[in-house]
Amino acid sequence: MNIVATQAASTHPKFNANDSDLKVQSSDGVLFLIHRKNLEVNTGAFPGPEFETNQETVHLSETAKILEILFQFVYPQKYPTLDDLDFETLMALSKTVEKYDVFSAMLTCQVGLSTFVPKLAEEIFWHAVQHDYATLMDQAAFHLLSRTTSLDIWRKLPMSLKVPWSIRYSTIKVFQLYRYQTMVQGDTATVKRTHEYFNASDADVKILSSDGVLFHIHRKNLETHTSAFPGPEFSTQNEVVPLSEPSQILEMVFQFIYPIRHPTLQDENIKIVLGVAEAVEKYEVFAAMRTCEVRLSELVPKHAEVVFWHAVKHDYPALMDKAAYHLMSRSSALRISKRLPPHLKIPWAEFRDGWQSILDSVYQYINRVSSSSGPCAVEPRQFGDIFHFCPRCRGNMTTWVADIENKSNSLEDIRVMVIHASLEEVVLEPMVEVEDGPLCTTCDTDTCKVNASDADLKFQSSDEVLFYIHRKNLDAHSSAFPSAEFTPSSREETVHLAEPSDVLEILFQFIYPNRHPILHDKDVKAVLAVAEAVEKYQIFSAMRTCDVRLCELAPKNAAEVFWHGVQFNRHVVMDAAVVHFMSEPGSRKVEAKLPPAMAKHWAEYRNAWQAIFSGVYDYIQTALTEDPTNCTEEVISEWDTEVHFCERCRCSVTTWVVDIYRGIDRLSNIRDYVERVSREGIEWELDPMEPPLSPLCGHCDGRFCKGIRDVAHVLGVRLGAFKLFSHFLPPDQEDNPK
């Protein structure tokens with residue numbers, strides 16, 4: 001960043017405010033007139049007010065195209081989504097965002113880069129490594145799993161990442177990759193095949209998995225390793241024994257009944273390990289039980305509750321104990337106590353009483369040593385000693401212990417937190433304000449930005465927690481909070497807000513120049529509360545983050561997410577949710593609740609959707625052949641008028657299209673299903689209402705129509721061109737910087 005005398009340069013039409021106090025010139029000679037206060041509160045790299053430029057121009061090395069996008073993120077307006085940027089521009093912008101610490105733009109850049117991962121994985125991976133984007137690293141890494149690429153990356157990685165890379169990627173074997181690909185493809189396979197390893201010619205039992213894989217197993221091994229499979233006195237007469245488990249699970253289970261080195265399950269996730277463990281208990285494969293218990297024990301920290309219920313179901317006391325120590329919060333305890341079988345309710349109550357007695361004794365201790373005046377004691381004391389806390393510290397310490405009780409699940413994490421607090425100074429956030437009683441003279445009350453002594457606004461949440469906020473930050477990030485010309489008569493005047501403290505704590509983080517929260521650990525209720533507050537107070541730096549998280553939550557919470565998008569006109573949110581209720585019943589529910597201003601656009605959107613199927617219906621009708629015994633066999637191009645269907649097939653294909661239109665909610669499921677049918681075909685039963693005297697088609701067998709594949713091709717072409725709901729809405733206008 002260089003400062004030189006101002007030279008003749010064209011001024012950017014959007015960034016030309018008369019009251020700006022900073023001139024920035026791009027590398028290609030475009031001048032931007034910027035407000036210093038916005039740079040100060042939105043970035044961590046541009047100069048603050050103590051740095052005087054004397055009206056000289058700050059020259060930057062970035063082009064006007066990059067700076068135009070960048071500076072939109074430092075003003076209180078709707079931020080650009082970056083959806084239309086090419087990769088080179090987006091990467092240049094992302095590097096600039098990191099260079100100048102423009103925190104409000106970081107997540108938007110990450111989301112944009114993630115769309116280019118399949119084609120440019122390695123370049124994006126190194127960018128993510130450089131700037132510590134963990135999620136982006138993971139996305140890119142799964143496209144860099146070849147042995148050669150993996151080894152090259154390992155050599156270039158910083159030391160802090162070599163071990164994680166080695167564990168997660170470099171040691172993946174070909175067989176594991178094959179299994180991963182099988183798992184990703186899901187259980188859609190319908191063609192039976194024989195397992196490549198369990199296919200001995202002298203095996204005497206045939207077992208079929210739920211996904212159609214045949215295992216040839218030796219009965220003697222089943223008999224000697226399990227007590228649930230049939231013994232030699234039970235003959236299958238060469239019939240196949242179907243089991244409810246998929247091949248991926250049975251493959252691991254059957255390895256435990258042969259004299260080979262047993263699998264350790266170390267590379268398997270919780271879903272697979274639980275599947276194996278349940279099958280092992282179901283069929284009583286004793287050789288595998290201990291392995292499953294050990295692996296589940298290792299997975300407890302991240303999956304405590306599911307492991308706990310497995311241990312309860314199959315009576316593993318040690319596993320129950322380990323999982324219980326990761327379920328210490330009040331909400332987890334109440335949830336578990338309601339589901340426990342009767343014989344475990346009393347032991348669980350005694351376990352919880354022991355934990356509660358510890359917390360109760362600490363609460364009593366805090367209240368016993370409180371004082372209405374004077375400073376707090378600052379030297380470490382024995383538990384039984386009597387000393388004093390001021391009202392502020394008493395409230396803070398009570399809140400800290402309550403947070404442990406209500407929010408902390410892992411006993412190990414609680415121990416580490418307590419030991420850390422006993423050895424070092426700990427900042428308690430948010431600080432609790434007490435209206436009556438003097439402040440303590442020995443306590444630091446300026447440890448948090450939302451409780452700073454130089455703040456000039458005081459907000460109180462609905463649950464009576466106070467936040468001290470800098471007006472300049474609100475002014476630069478919001479167009480809803482009071483502006484600078486509104487000055488309260490005293491710092492002690494309190495602005496009461498309707499939101500609880502947990503929402504405001506997240507909200508206010510977006511108005512300070514720090515990395516913003518990404519909300520990945522928040523459920524839909526919490527994210528919607530934050531998103532509504534963001535819209536209410538127009539915190540533009542938080543809007544994109546809320547949009548991204550709501551889009552992630554849309555598959556399981558489509559209705560709630562959609563109505564939030566409608567209420568606040570968030571196009572990307574509406575699109576993410578609306579594709580989950582495409583069926584006719586789902587559409588009618590939406591149409592009945594839409595506001596009048598949007599009902600017209602919804603009708604246009606649904607008409608476009610219905611036009612796809614109406615066109616397919618017309619196509620099927622016009623393709624009726626005069627020869628009722630002859631259908632077209634070949635896959636045709638879209639709207640080929642030469643294709644022919646017999647009357648029986650026409651009715652059957654029409655029924656198939658109607659079922660898709662009425663019965664499938666998710667657009668992605670419809671597209672995937674139609675694409676698979678157009679590629680592989682499907683056995684679709686002929687319409688039972690077909691007149692019995694109608695002649696059979698020469699290309700159909702009287703039970704299944706083979707012409708659906710042709711119609712699926714036609715339908716798939718139309719589905720690929722379908723526009724989402726936002727395409728039918730008026731353009732979302734964005735304001736210029738003020």
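This is a predicted model: local features need pLDDT of at least 70, side-chain atom pairs count only at pLDDT 80 or more; totals for chains, interfaces and linings use all residues.
In the helix pair, α27 spans residues 596-622 and α30 spans residues 708-720. Their axes lie 10 Å apart and pack at an angle of about 155°. Because angles over 145 degrees count as roughly antiparallel, α27 is described as roughly antiparallel to α30. The crossing of α27 past α30 is right-handed. On the α27 side, the contact is formed by W609, A611, I612, F613, V616, Y619 and I620. These residues meet V711, V714, L715, R718 and L719 of α30. By class, the residues of this contact comprise 11 nonpolar and one charged, with no polar residue.

The sheet is open and contains four strands in the order β6-β8-β7-β9, with mixed pairing. From one strand to the next, the twist averages 30°.

The partner of β6 is strand β8, residues 213-217; the two run parallel and are joined by three bridges. Within this pairing, T194 is positioned opposite L214 in β8. Helix α11, formed by residues 247-255, lies across β6, β7 (205-208) and β8. The direction of α11 is at about 10° to β8.

Key
Residues are numbered from 1 along each chain as its sequence is written. Side-chain values use heavy atoms; hydrogens and water are left out. Axes are lines fitted to C-alpha atoms, for helices over the stretch in contact, and angles run from 0 to 180 degrees between N-to-C directions. Angles under 35 degrees count as roughly parallel, over 145 as roughly antiparallel, 65 to 115 as roughly perpendicular and the rest as oblique. A crossing is left-handed if the near helix is turned anticlockwise from the far one by less than a right angle, and right-handed if clockwise. Contact means heavy atoms within 4.5 Å. Ala, Val, Leu, Ile, Met, Phe, Trp, Tyr, Cys and Pro count as nonpolar, Asp, Glu, Lys and Arg as charged, and the others, Gly among them, as polar. Two strands pair if DSSP finds at least two bridges between them.
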